[in-house]
Amino acid sequence: MELTDVDGNKRAKLQTEYLSYAEFSIDISDIDEKQQDTRIYFSDPYNIKIVFEGNRFSINDSFFQIYVDSQDFKEIKKAYELALVRKYLTLSTNNDLSIDDQVVLENMKKTFLVS
């Protein structure tokens, strides 16, 4: 796995076989999901935490109630973005939502715009 510093200049390789646990934070500002032909624009960059444990990367987003995991650091963000788009499309087209799903849909409407 390659990492860059805050300025994006220096690259370092992280040997994950020697790592038992780590947390990373990334910001998402826009999502262009070609599989679902959907684009999401966040009003402010949305920060998510990626956890590395047990040789797997995972994102557990309680705000949008999405959980994804992957063995590949490069794929975890893509998996999260696809899951978020699919969840939005499912919730926004369903008229019979549970209370929890209504809360998630309201969180989505407050946080981003979809085109």
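These legends describe close-up views of a predicted model.

Local features are taken where pLDDT is at least 70, and side-chain atom pairs where it is 80 or more, while totals for chains, interfaces and linings use all residues. Numbering runs from 1 along each chain as its sequence is written, and side-chain values use heavy atoms, without hydrogens or water.

**View 1**
Helix H1 covers residues 73-93. Helices (H or I, at least four residues) and strands (E, at least two) are DSSP runs, numbered from the N terminus. The expected span of a helix is 1.5 Å times one less than its number of residues. Buried residues of H1 include Ile76, Tyr80, Leu84, Tyr88 and Leu91. Buried means under 20% relative accessible area, exposed over 50%, and partly exposed in between (1.4 Å probe, protein chains only). The buried residues of H1 pack against strands E3 (21-33), E4 (38-53), E5 (56-61), E6 (66-70) and E7 (112-114), and against helix H2 (99-111). Contact here means heavy atoms within 4.5 Å.

**View 1. The start of H1.**
A side-chain oxygen of aspartate 72 comes within 3.0 Å of the backbone nitrogen of lysine 74. Serine 70, in strand E6, reaches the backbone nitrogen of aspartate 72 with its side chain, at 3.0 Å. A polar contact is a pair of N or O atoms within 3.5 Å; within protein, one must be able to donate a hydrogen and the other to accept it, and residues adjacent in sequence count only if both atoms are side-chain atoms. Serine 70 is buried, at 13% relative accessible area. Leaving out residues up to four places away in sequence, serine 70 touches Arg56, Phe57, Glu75 and Ile76.

A salt bridge is a side-chain nitrogen of Lys or Arg within 4 Å of a carboxyl oxygen of Asp or Glu. The structure holds seven. Lysine 78 meets glutamate 75 at 3.8 Å, N to O. Both lie in H1, three residues apart, about one turn of the helix. Lysine 78 is partly exposed at 49%, and glutamate 75 is partly exposed at 33%. Glutamate 81 bridges to lysine 77, with the closest N and O atoms 3.6 Å apart. This pair also lies in H1, four residues apart. An α-helix has 3.6 residues a turn, so residues three or four places apart point the same way. Glutamate 81 is buried at 13% relative accessibility, whereas lysine 77 is partly exposed at 33%.

Salt bridges link Asp30, Asp32, Lys34 and Arg39 in a network. Within it, lysine 34 bridges to aspartate 32, and the closest N and O atoms are 3.0 Å apart. Lysine 34 is exposed at 66%; aspartate 32 is partly exposed at 41%. Aspartate 37 sits in the loop between E3 and E4. Its phi is positive, near 50°, in a residue other than glycine. Aspartate 37 is exposed, at 70% relative accessibility.

Rings of Phe, Tyr and Trp (its six-membered ring) pair if their centres lie within 6.5 Å; planes under 30 degrees apart count as stacked, over 60 as edge-to-face and the rest as tilted. Phenylalanine 42 and tyrosine 46 are stacked, with centres 5.6 Å apart and 5° between the planes. Phenylalanine 42 is buried at 9%, and tyrosine 46 is buried at 12%. Ring pairs join Phe42, Tyr46, Phe63, Phe64, Tyr88 and Phe112 into a cluster.

**View 2. The nonpolar core around phenylalanine 64.**
A nonpolar core is a set of buried Ala, Val, Leu, Ile, Met, Phe, Trp, Tyr and Cys residues joined through side-chain atoms within 4.5 Å. The largest core has 27 residues, of which Phe42, Phe64, Tyr80, Leu84, Met108 and Phe112 touch the most other members. E3, E4, E5, E6, H1 and H2 each supply at least two residues of this core. Phenylalanine 64 has contacts that include Phe42, Tyr46, Tyr80, Met108 and Phe112, not counting residues up to four places away in sequence.

**View 3. Glutamine 65 in the loop between E5 and E6.**
Glutamine 65 lies in this loop. Its phi is positive, about 55°, although it is not a glycine. Most residues other than glycine have a negative phi. Glutamine 65 is partly exposed, at 42% relative accessible area.
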